[in-house]
Amino acid sequence: MSVPFDLPGAFWRGCLHAHSDESDGALPPAEVARRYRDAGYHFVAVTDHFRSQHGYPLTDTRAYRSPGFTTLIGAELHAPGTELSTEWHVVAVGLPFGFAPPDPDETGPELARRAREAGAFVGIAHPSASLLTVAEAEGMDAAHAVEVYNALAAREDRADSWHLCDVLLARGRRLSAFAADDAHFQPHDPPGLVAWVQVGARSLDPAELLAALKAGHYYSSTGPQIHDVAVEDGMVSVRCSPATKVLVSGGAPAGQVQTGHALTEAALPLGDLATAGYIRVTVVDAAGRRAWTNPIWLNEVTVNL
Ligand SMILES: [Zn+2]
Ligand SMILES: [Zn+2]
């Protein structure tokens, strides 16, 4: 089996990266929360830019929690100086309200470490759009995850950051991978509410969601649902919403692909990926929308191989 599909509880749909008018978003936090709730999400983290020009906001969305909908407190943290960008972009979800503004000398990796120590789930935001180097990502040792799909960056055709994440994973780094809107709801933006996570947890309690995120107990999607993934006897079995393609890839330049019409089950051999360290599953639907599991470390499912 593989987490989170073999865990008790339910999947909770959420957005981990969105902005309000507390920084450079178009909408007040209440309206951002309302849009996600009305679209059927179970939670949102409004992650405004933690910059001096916005007064280092830690946007308080607790008043917008209601039965069946909650919010996580977070921010997008910035520090100066990557090789090819003016600043770091780091999503931190689960920050305490007392989280102090960055020290002028604090580096991106140091700021991320402080956020993690303060209790946050830390993600390297849109590395493709930021032209982040592999070396810089490797130095971001506090990261729990890479934002492998950023819907806002689709306007630059740089939404997808799986390449960087796969290189880090194939070198042995333990990371999870999330998709997010980075919604600002500005008129010139691509539509929001298109990329999310499905977090496997026993309840919608913010502390449980945060623990599940840190443990990688989630998958990501721009449309399809993944109901189950099992690894057994050299085969990967997948149950999902109707798909045209189910793909197993991982820590080696190889892939196993099953295509069809309205596939809801697939069984693929590990093949050359059996010694790849980790695998991951991608599900594509007829509209080209995708869902991605987190990496599944094969040494953790060895008993079933
Ligand atoms: Zn950013
Ligand atoms: Zn952002």
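1. Conventions. The model is predicted, so local features need pLDDT of at least 70 and side-chain atom pairs pLDDT 80 or more, while totals for chains, interfaces and linings use all residues. Residues are numbered from 1 along each chain as its sequence is written, chains are lettered from A and ligands numbered from 1 in the order written, and side-chain values use heavy atoms, without hydrogens or water.

2. Zinc ion (ligand 1). Its donors are Glu76 (OE), His89 (ND1) and His126 (NE2), at 2.0 to 2.2 Å. Donors are N, O and S atoms within 2.8 Å of the metal (3.2 Å for Na, K and Ca); water is not among the atoms, so sites may look incomplete. The sequence spacing is E-x12-H-x36-H. Glu76 sits in strand E3 (residues 70-77) and His89 in the loop between E3 and strand E4 (90-93), so this pair ties together parts 13 residues apart in sequence. Strands are DSSP runs of at least two residues, numbered from the N terminus.

3. Zinc ion (ligand 2). The protein donors are His17 (NE2), His19 (NE2), Glu76 (OE) and Asp182 (OD), lying 2.1 Å from the ion. The four donor atoms subtend angles of 81 to 170 degrees, which makes the arrangement irregular.

4. The bridge. Glu76 bridges the two zinc ions, ligand 1 and ligand 2, which lie 3.6 Å apart. His17 and Glu76 are both buried. Buried means under 20% relative accessible area (1.4 Å probe, protein chains only).

5. Strand E1 (residues 10-18). Seven of its nine residues are buried. E1 pairs with strand E8 (residues 196-201) in the antiparallel sense over five bridges. Pairing requires at least two DSSP bridges between the strands. Ala10 has Ala201 of E8 as its bridge partner. With strand E2 (residues 43-50), E1 pairs in the parallel sense over three bridges. There, Cys15 stands opposite Val44.

6. Thr59. This residue is in the loop between E2 and E3. Thr59 counts as buried because its relative accessibility is 2%. Its side chain makes a polar contact of 2.6 Å with that of Asp48. A polar contact pairs N or O atoms within 3.5 Å; within protein, one must be able to donate a hydrogen and the other to accept it, and residues adjacent in sequence count only if both atoms are side-chain atoms. The C-alpha atoms of Thr59 and Glu22 are separated by 6.9 Å, at 37 residues apart along the chain.

Methods: Helix = DSSP H or I, 4+ residues; strand = E, 2+ residues; numbered from the N terminus. Buried < 20%, exposed > 50% of the residue type's maximum accessible area, 1.4 Å probe, protein only. Tetrahedral: all angles 85-135°; square planar, octahedral: opposite > 155°, others 65-115°.
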